[in-house]
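Here's a quick briefing for anyone meeting this structure for the first time. Have a look at it, and then we'll go through it topic by topic.

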Amino acid sequence: MHVFVTGASGFIGTAVVSELIAAGHAVTGLARSEDSASIVKRLGASVHLGDLDDLGAIRAGAAAADGVVHLANKHDWANPSESNRAERASVEAIAETLAGSRRPLVFASGVAGFSLGRPVTENDTSPAIGPDSARGGAENLAMDYASRDVRVVSARFAASVHDKDDHGFIAVLADAARKMGRVPYAGDGANQWPAVHRSDAARLVRLGLEDAPAGTILHVVGEEGVPLREIAEALAVRLGLPATSMSADDLAAKIPFVGRFLGVDATASSQLTRQRFDWTPSGPTLLDDIAAGHYDR
Ligand SMILES: NC(=O)c1ccc[n+]([C@@H]2O[C@H](COP(=O)([O-])OP(=O)(O)OC[C@H]3O[C@@H](n4cnc5c(N)ncnc54)[C@H](OP(=O)(O)O)[C@@H]3O)[C@@H](O)[C@H]2O)c1
């Protein structure tokens, strides 16, 4: 199929583009700059120039394709509400474009923010409702399009999608640790985060695009939960720093935006996803990737 991929130049997007091309799909990647365009071209994809805020360009990319994988995100940590607004607007623009066509839309979401006191499952409805909620409430908005003949699929990524070149939460923690001279964790560090290797994530996105029925929620989760203390201790070994406890409030104050997540327990199951899509994660674990030096820089 001809797939329009937004965020094609990003950490997950580059792996997804390579995975799709290797499986025989043709890919057109959204790029907002010449630098991003050359990354997309090097992967063997065509380029569609445009910005997330240019909804006309986003709609045109979606209209010309047989399916869409939507991974672009502003990730404006200093202004999360702007990232949320842009996410909601772009998901809506793509879903409206595909309405009535039965074409697939796989879009990025997350397993964080449920606060259930147990692992989140694929059957749990996102508590984020409306434009002011996390990720602009885009998952609930998009799911309504299942009844409007869009084969809509939410890819709820683990809090840490990891591999070489990861610049997500673990990389932010490593950067903060270098500045602080210690690797912090909240309280006793028993709170856990789910994780998945980038290669396993890319494979599941492709499987979802190819086969998932309308309204599917995929849990892109390889490890249900890794204790934050173990993450901090593994980083500490690599960075030559001590791993030390601090209060969740201090952590939130020390590391803007990301710090408050470091104190949260956010386990997630992918049992239903594994059964339905015959998906068995096989990449390195998060602690393997930390030990391999991917966060040393
Ligand atoms: N990585 C994780 O651990 C993780 C965990 C949970 C959820 N997710 C979600 O998965 C998705 C992909 O994440 P990622 O880690 O691959 O992100 P990333 O590496 O930061 O890539 C973001 C992508 O979005 C593009 N983008 C940013 N602002 C844009 C704009 N204004 N217009 C057009 N394109 C724009 C970037 O293009 P440029 O190359 O031009 O910057 C890049 O291709 C995101 O929705 C993210 O929130 C990721």
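A salt bridge here is a side-chain nitrogen of Lys or Arg within 4 Å of a carboxyl oxygen of Asp or Glu. Bear in mind that this is a predicted model, where local features need pLDDT of at least 70, side-chain atom pairs count only at pLDDT 80 or more, and totals for chains, interfaces and linings use all residues. Residues are numbered from 1 along each chain as its sequence is written, and side-chain values use heavy atoms, with hydrogens and water left out.

**Salt bridges**
- By that rule, the count comes to 17 salt bridges.
- R85 and E82 meet through their side chains at 2.9 Å, N to O; they sit three residues apart in helix α4, so about one helical turn separates them. (Helices are DSSP runs of H or I with at least four residues, strands are runs of E with at least two, and both are numbered from the N terminus.)
- R85 also forms a salt bridge with D53 (3.0 Å, N to O). D53 is in the loop between β3 and α3, so this pair ties together parts that are 32 residues apart in sequence.
- D53 has another salt bridge, with K74, at 2.7 Å, N to O.
- Shared partners join D53, K74, E82 and R85 into one network.
- E82 is partly exposed at 22% relative accessibility, and so is R85 at 40%. (Buried means under 20% relative accessible area, exposed over 50%, and partly exposed in between, using a 1.4 Å probe and protein chains only.)

**The sheet**
- Seven strands make an open sheet in the order β3-β2-β1-β4-β5-β6-β10, with parallel pairing. (Two strands pair if DSSP finds at least two bridges between them.)
- The edge strands, β3 (46–49) and β10 (216–220), each pair on one side only.
- β6 (residues 151–157) pairs with β10 over five bridges, and R156 has H219 in β10 as its bridge partner.

**The cores**
- The largest nonpolar core has 38 residues, and V5, V16, V69, L71, F157 and V220 have the most contacts inside it. (A nonpolar core is a set of buried Ala, Val, Leu, Ile, Met, Phe, Trp, Tyr and Cys residues joined through side-chain atoms within 4.5 Å.)
- The elements giving two or more residues to this core are β1, α1 (11–22), β5, β6, α7 and β10.
- There's also a second, separate core of 29 residues, including V226, I231, A232 and L251.
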